[in-house]
Amino acid sequence: MKKILIQLDTDEHPSTFDSMVAYDSGVPDELLRYGGIEPDAVGGLVQSAYFTRAPGDPNLAVWVGGSSVAAGEEVLEAVKKSFFGPFHVSAMLDSNGCNTTAATTVAMLAREIDFDGRRVVIVGAGAVGLRAAKILVDEGCDVSISGIPASRFGDKPYRRARGLTTAEERGMKIVEPDDDEELKKLLDGATLVLAAGPAGVELLPESVWREVDSIEVLADFNAADPLGIEGTSAQDEFKDYDGKKVLGALAIGGPKMKVHQACIKRLFETSDAILDVDGVYEIAKELVT
């Protein structure tokens with residue numbers, strides 16, 4: 001019986017990155033790729049696939065991806081709603097790499113520091129940052145999510161990040177500093193800081209993060225110039241900067257790929273695994289030691 005992975009992508013063209021990782025995991029024999037997926041189309045696609053197999057067959061699984069995390073979440077819910085009785089398959093959500101990147105990063109941080117009671121600030125409200133926030137709160141951290149200072153936009157109108165509204169709706173603590181001085185005050189007392197904004201935006205100037213004595217560890221999710229944390233390298237793997245350790249995006253990338261592939265393997269070990277951010281984090285903790 002062939003192992004078949006159904007790739008449901010909310011973008012017009014299914015992600016070649018996700019397809020490559022699926023094949024490189026060495027698990028699926030075949031990959032069925034669908035782009036432009038809307039929730040209404042999911043039930044028919046999933047049910048017509050699992051009706052060809054005996055209930056509980058672990059050789060069929062679903063992967064949900066695409067650039068929009070919100071759209072991916074809706075598709076995953078539609079996948080779960082298509083199940084009934086003994087008919088179900090394992091499924092995973094990793095739109096824009098949000099779950100594997102966040103889970104891997106937090107698992108790497110857990111090697112270095114104890115989370116319980118730690119004050120954390122996540123600067124930027126991207127999808128990866130919101131998922132990292134969720135995991136860190138569950139681990140006992142006091143987490144605040146900071147917007148990008150409005151002064152950073154110069155003469156351009158400030159537009160509130162959609163992620164801040166999402167965080168607010170989910171009951172997370174949010175702060176919206178007007179400038180770098182307000183950001184510095186917010187960081188004072190935090191020991192862990194994550195830069196999680198959009199690519200191409202410097203979130204933490206060196207003059208800000210170096211001057212906050214309480215900061216012990218920083219992590220940056222952005223590998224493109226300019227980095228989210230000025231004065232560091234994307235290849236930093238807990239490099240020491242005068243007493244502050246920095247984890248760069250490229251240092252996260254290798255372990256993230258291993259977690260990504262391990263998740264695909266896990267999908268084919270059972271017919272009822274749902275790998276959302278919590279499920280992915282459990283796998284990341286097993287691999288990142």
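Two elements, α3 and α5, each supply at least two residues of the lining of the second largest pocket in this predicted model. Helix α3 gives the most, with 4 residues. The second largest pocket holds about 250 Å³ of space. Its lining counts 13 residues. Nearest the centre of this pocket lie Glu73, Arg131, Arg170, Asp276 and Val277. By class, the lining of the second largest pocket divides into 7 charged, 5 nonpolar and 1 polar residues.

The largest pocket has a volume of about 1200 Å³. It is lined by 46 residues, and Val69, Asn96, Gly126, Ala127 and Val128 are the closest to its centre. Five elements are named as giving two or more residues to this lining: α1 (16-24), α3 (69-81), α5, α6 (162-169) and α9. The lining of the largest pocket has 19 nonpolar, 17 polar and 10 charged residues.

About 50 Å³ of space lies in the largest cavity. Its lining is made by Tyr50, Arg53, Ala54, Pro55, Gly56, Asp57, Leu60, Phe87, His88 and Val89. Of these lining residues, 6 are nonpolar, 2 polar and 2 charged.

The packing of the interior follows. In soluble globular proteins, nonpolar side chains tend to be buried together. The largest nonpolar core here has 56 residues. Within this core, Phe115, Ile122, Leu136, Ile145, Leu192 and Leu194 touch the most other members. Leaving aside neighbours within four places in sequence, Ile122 is in contact with Gly129, Ala132, Ala133, Leu136, Val143, Ser144, Ile145, Ser146, Leu194 and Ala196.

Strand β3 (residues 60-65) contains Val62. Val62 counts as buried because its relative accessibility is 0%, against a cut-off of under 20%. Between Val62 and Ile6 there are 56 residues of separation in sequence, yet their C-alpha atoms are 4.7 Å apart in space. Val62 touches Ile6, and also Leu5, Leu8, Val46, Val79, Val89, Ser90, Ala91, Met92 and Leu267, not counting residues up to four places away in sequence.

Helix α10 spans residues 277-287. Its buried residues are Val277, Gly279, Val280, Tyr281, Ile283 and Ala284. They pack against β4 (90-93), α4 (98-112), α5 (127-138), α9 (249-267) and β12 (274-275). Tyr281 has its place in α10. With a relative accessible area of 5%, Tyr281 is buried. Tyr281 and Thr105 are 176 residues apart in sequence, while their C-alpha atoms are 9.5 Å apart. Beyond neighbours within four places in sequence, Tyr281 is in contact with Ala103, Val106, Ala107, Phe115, Ile135 and Glu139. Phe115 is also one of the members that touch the most others in the largest core.

Helix α4 holds Asn99. Asn99 is buried, with a relative accessible area of 2%. Residues up to four places away in sequence aside, it touches Leu93, Asp94, Arg131, Asp276, Val277 and Val280. Val277 and Val280 are among the buried residues of α10. Arg131, Asp276 and Val277 are also among the residues nearest the centre of the second largest pocket.

The cysteines were then considered. The count comes to 0 disulfides. The sulfur of Cys98 has its closest cysteine sulfur in Cys263, 11 Å away; a bond is ruled out because this is too far. Cys263 is likewise in no disulfide, with the sulfur of Cys98 as its nearest, 11 Å away. Burial applies to both residues. Cys98 counts as buried at 0% relative accessibility. Cys263 also counts as buried, at 0% relative accessibility.

Definitions and conventions: Residues are numbered from 1 along each chain as its sequence is written. This is a predicted model: local features need pLDDT of at least 70, side-chain atom pairs count only at pLDDT 80 or more; totals for chains, interfaces and linings use all residues. Side-chain values use heavy atoms; hydrogens and water are left out. A nonpolar core is a set of buried Ala, Val, Leu, Ile, Met, Phe, Trp, Tyr and Cys residues joined through side-chain atoms within 4.5 Å. Buried means under 20% relative accessible area, exposed over 50%, partly exposed in between (1.4 Å probe, protein chains only). Contact means heavy atoms within 4.5 Å. A disulfide is a pair of cysteine sulfur atoms within 2.5 Å. On a 1 Å grid over the protein atoms alone, a cavity is a set of points where a 1.4 Å probe fits but cannot get out, and a pocket is an open set with protein on both sides within 12 Å along at least five of seven lines; lining residues have an atom within 4 Å of a point. Grid points are joined across faces, edges and corners, and a volume is the space filled by probe spheres set on the points. Ala, Val, Leu, Ile, Met, Phe, Trp, Tyr, Cys and Pro count as nonpolar, Asp, Glu, Lys and Arg as charged, and the others, Gly among them, as polar.
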